[in-house]
Amino acid sequence: MAVAATSLTELPSLATLPRKRLPAGRPREWYESHNRRLKAMRLAIALLHSGVYRPRTASNRRIRRVAVEIGVHRPSDVTCRMVRTLIRDENGR
């Protein structure tokens with residue numbers, strides 16, 4: 001059964017939780033990794049909404065194309081790997 005992929009621009013915008021300030025005094029690496037995880041999660045959600053359900057079909061090029069569509073800065077190779085990890089199915093494929 002084929003599922004029709006929805007254009008990302010056609011998706012309803014959902015209300016987001018109010019932003020909280022990040023805790024002060026952490027090392028810079030902590031903030032970088034926190035923001036990288038948030039970006040990877042946004043991209044994974046957008047890919048799932050667009051019909052990409054398997055990590056092997058989420059190439060770096062496709063992830064970066066989705067990033068442009070949703071208005072996120074170009075993700076690095078590390079962030080792309082994190083996105084694929086987030087959309088991994090229950091069998092690890």
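1. Starting with V78: this residue sits in helix 3, which covers residues 77-86. Helices here are DSSP runs of H or I with at least four residues, strands are E runs of at least two, and both are numbered from the N terminus. V78 counts as partly exposed because its relative accessibility is 37%; the scale used is buried under 20% relative accessible area, exposed over 50% and partly exposed in between, with a 1.4 Å probe and protein chains only. Its C-alpha is 9.9 Å from that of N60, 18 residues away along the chain.

2. A word on the basis. This is a predicted model, with local features needing pLDDT of at least 70 and side-chain atom pairs counted only at pLDDT 80 or more, while totals for chains, interfaces and linings use all residues. Residues are numbered from 1 along each chain as its sequence is written, and side-chain values use heavy atoms, leaving out hydrogens and water.

3. Overall layout: the chain has three helices and zero strands, in the order α-α-α from the N terminus. Of its 93 residues, 25% count as buried. Contact here means heavy atoms within 4.5 Å. Among contacts with a separation of 6 or more, 64% are between residues 24 or more positions apart. The chain exposes about 7,400 Å², of which carbon and sulfur atoms supply 54%; areas come from the Shrake-Rupley method with a 1.4 Å probe, and for residues only the protein chains shown count as cover.

4. Helix 1 runs over residues 28-49, and its 22 residues reach 32 Å from first to last C-alpha, close to the 32 Å expected at 1.5 Å a residue (the expected span is 1.5 Å times one less than the number of residues). After the helix comes G51, with a positive phi near 100°.

5. Which residues of helix 1 are buried? They are H34, K39, A40, L43, A44, A46 and L47, and they pack against helix 2 (60-70) and helix 3.

6. Now the core. A nonpolar core is a set of buried Ala, Val, Leu, Ile, Met, Phe, Trp, Tyr and Cys residues joined through side-chain atoms within 4.5 Å. The largest one has 14 residues, and L43, L47, A58, I63 and V83 have the most contacts inside it. Each of helix 1, helix 2 and helix 3 supplies at least two of its residues, with the largest share, five residues, coming from helix 1. Take L47: setting aside neighbours within four places in sequence, L47 touches V52, A58, R62, I63, V66 and V83.

7. On the surface, M41, I45 and L86 form a nonpolar patch with about 280 Å² of accessible area together. Patch members have over 30% relative accessible area and no salt bridge; like charges are joined within 9 Å, and nonpolar side chains (Val, Leu, Ile, Met, Phe, Trp, Tyr) within 5 Å. M41 belongs to helix 1 and counts as partly exposed because its relative accessibility is 45%.

8. Salt bridges: the count is two, taking a side-chain nitrogen of Lys or Arg within 4 Å of a carboxyl oxygen of Asp or Glu. R28 and E32 make one, at 2.9 Å from N to O. Both lie in helix 1, four residues apart, about one turn. R28 is exposed at 61%, whereas E32 is partly exposed at 41%.

9. R64 and D77 form a salt bridge too, with the closest N and O atoms 2.6 Å apart. This pair links distant parts of the chain, R64 in helix 2 and D77 in helix 3, 13 residues apart. R64 counts as buried because its relative accessibility is 16%, while D77 is partly exposed at 43%.
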